[in-house]
Amino acid sequence: MTATVAGAGAGAGAQDLQIQSAPPQAASAALLRVSAEKVAKLMDLVGELSLSVSETIRSPDLTGLDLSEFEKSAHRLRSVVRDVQDAAADLRMTPVEEVFRRMRRMVRELERQTNKEIELVIEGEETQVDKAIVERLADALVHVVRNSADHGLEQPAEREALGKSRRGRIALRAAQVGSDIQITVSDDGRGLNRDRILARARERGLVAPDASPEDKELWAVIFQPGFSTADQVTNLSGRGVGMDVLQTVVSELRGRISVDSVWGRGTSVKLSLPLSLAFLDSLVMRVGRQLYAASIDSIAEIFKPESDQITSVAADGGSELVKVRGEFLPVCRLQAFYGEQTGDPTPLEQQVFVVFSTMNGRIAVPVDEMRDQQQVVMKPLRGHLERIRASYGCALLGTGEVAIVIDCEKLRGTK
């Protein structure tokens, strides 16, 4: 028997999941309506089960005992719990089809408002993703598709003069890549105007007057709050809101954004989101007495530095840099970042560096110890803990300890 989500409304107010349970050869599928609250409770219980198993297996009372048979049973138990976690997470999976259908309706309205001819190409609408993500995904895609239609695509006459077809093309694609779902919105319009974006970024102080950043670094400024290159405000754009909202939504979903654009040929915006928000495949590390966890997918590499790789920039307030494969990366000391630095900092040569990939380039974070790689249960921060910056929440570890889950996109180099 298989259990998959046959349909779940992505719109506001959707409360039920329809669980399909039937053999592949069945002529008709049986549907069972289950409230989203019950599925959420099941997910919480599975998370507690995982923690209880880890606490039992790692109990200090077992230290020094000859437990060869116990080790085999423990390994089997961990495997079963992981399977249960995956099965429970599958119950919340639903296709992105409904969200894509909403984009199709929106594009028809955009054609009328912009007087443009737009062809919307959709691929991978059967791709499954966590229902909690689907409900937020529509909000994110609205801004990207609207930008493509309003800013990206040219008017029909202009496209003909450029040797393009009168009908502009927007492609919306979804695909599962490893433990992520990738949503790509691309168009064959005019592309991003580098000179105009750079000039506006300099006006706002986002880029130094004499700096000439790489395209990837420059495109990141369009996600800054209030950033716009439009000369006039319309009912679709020009207010400087939209892409910053997209950045906020994707960040809250533990996702990443990348932009690729070629002037005169078009723009592509890729959203990489986790398949599920319930569990996180993470690397657990220690800095001082505090434990941190980070998504495996955000880590580019881990290495032990040599002394000649470390340098300080006195003119920049003593900022530290580490040279990795010919590139100088900014160093972010977590104790200083979170205001916990007491006394002299640990020499960087004595620490291990974790390199994170972010929208603004790579950043190096020194840690004292690499603890473990494990799938952790995510919990949101409540009360005063909500003020902890650059954090998605906390991770409950099998040892009973709690780790802060780092949002590497919000880290900044700190001496």
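Author: A definition to begin with: a salt bridge here is a side-chain nitrogen of Lys or Arg within 4 Å of a carboxyl oxygen of Asp or Glu. Also, this is a predicted model.

Reader: How many salt bridges does a search of the whole structure find?
Author: The search finds 25.

Reader: Take glutamate 320. Which residue does it form a salt bridge with?
Author: Its partner is arginine 333, and the closest N and O atoms are 2.9 Å apart. Glutamate 320 is in strand S15, while arginine 333 is in the loop between S16 and helix H9 (334-337), so the pair links parts of the chain 13 residues apart.

Reader: Are glutamate 320 and arginine 333 buried or exposed?
Author: Both are buried.

Reader: What about aspartate 188, which side chain does it meet in a salt bridge?
Author: That of arginine 159, at 2.9 Å from N to O. Aspartate 188 lies in the loop between S8 and H6 and arginine 159 in helix H5 (residues 156-161), so the pair ties together parts that are 29 residues apart in sequence.

Reader: And is arginine 159 buried or exposed?
Author: Arginine 159 counts as buried because its relative accessibility is 1%, under the 20% limit. Aspartate 188 is partly exposed, with a relative accessible area of 24%.

Reader: What does glycine 189 touch, leaving out residues up to four places away in sequence?
Author: Its contacts include Glu154, Arg159 and Lys164, and also Gly264, Arg265 and Gly266. Its C-alpha atom is 8.6 Å from that of tryptophan 263, which is 74 residues away along the chain.

Reader: Change of topic: backbone. What is phi of asparagine 115?
Author: It is positive, about 60°, although asparagine 115 is not a glycine. The residue lies in the loop between helix H3 (97-114) and strand S5 (118-123), and it is exposed, with a relative accessible area of 60%.

Reader: And phi of arginine 325, what is that?
Author: Near 50°, again a positive value in a residue other than glycine. Arginine 325 is in the loop between strand S15 (319-324) and strand S16 (327-330), and is exposed at 72% relative accessible area.

Reader: Last one. Which residues form a nonpolar patch on the surface?
Author: Leu49, Val80 and Val84, with about 190 Å² of accessible area together. Of these, valine 80 is in helix H2 (residues 68-90).

Key: Residues are numbered from 1 along each chain as its sequence is written. This is a predicted model: local features need pLDDT of at least 70, side-chain atom pairs count only at pLDDT 80 or more; totals for chains, interfaces and linings use all residues. Side-chain values use heavy atoms; hydrogens and water are left out. Contact means heavy atoms within 4.5 Å. Patches are made of residues with over 30% relative accessible area and no salt bridge: like charges are joined within 9 Å, nonpolar side chains (Val, Leu, Ile, Met, Phe, Trp, Tyr) within 5 Å. Accessible areas come from the Shrake-Rupley method with a 1.4 Å probe; for residues, only the protein chains shown count as cover. Helices (H or I, at least four residues) and strands (E, at least two) are DSSP runs, numbered from the N terminus. Buried means under 20% relative accessible area, exposed over 50%, partly exposed in between (1.4 Å probe, protein chains only).
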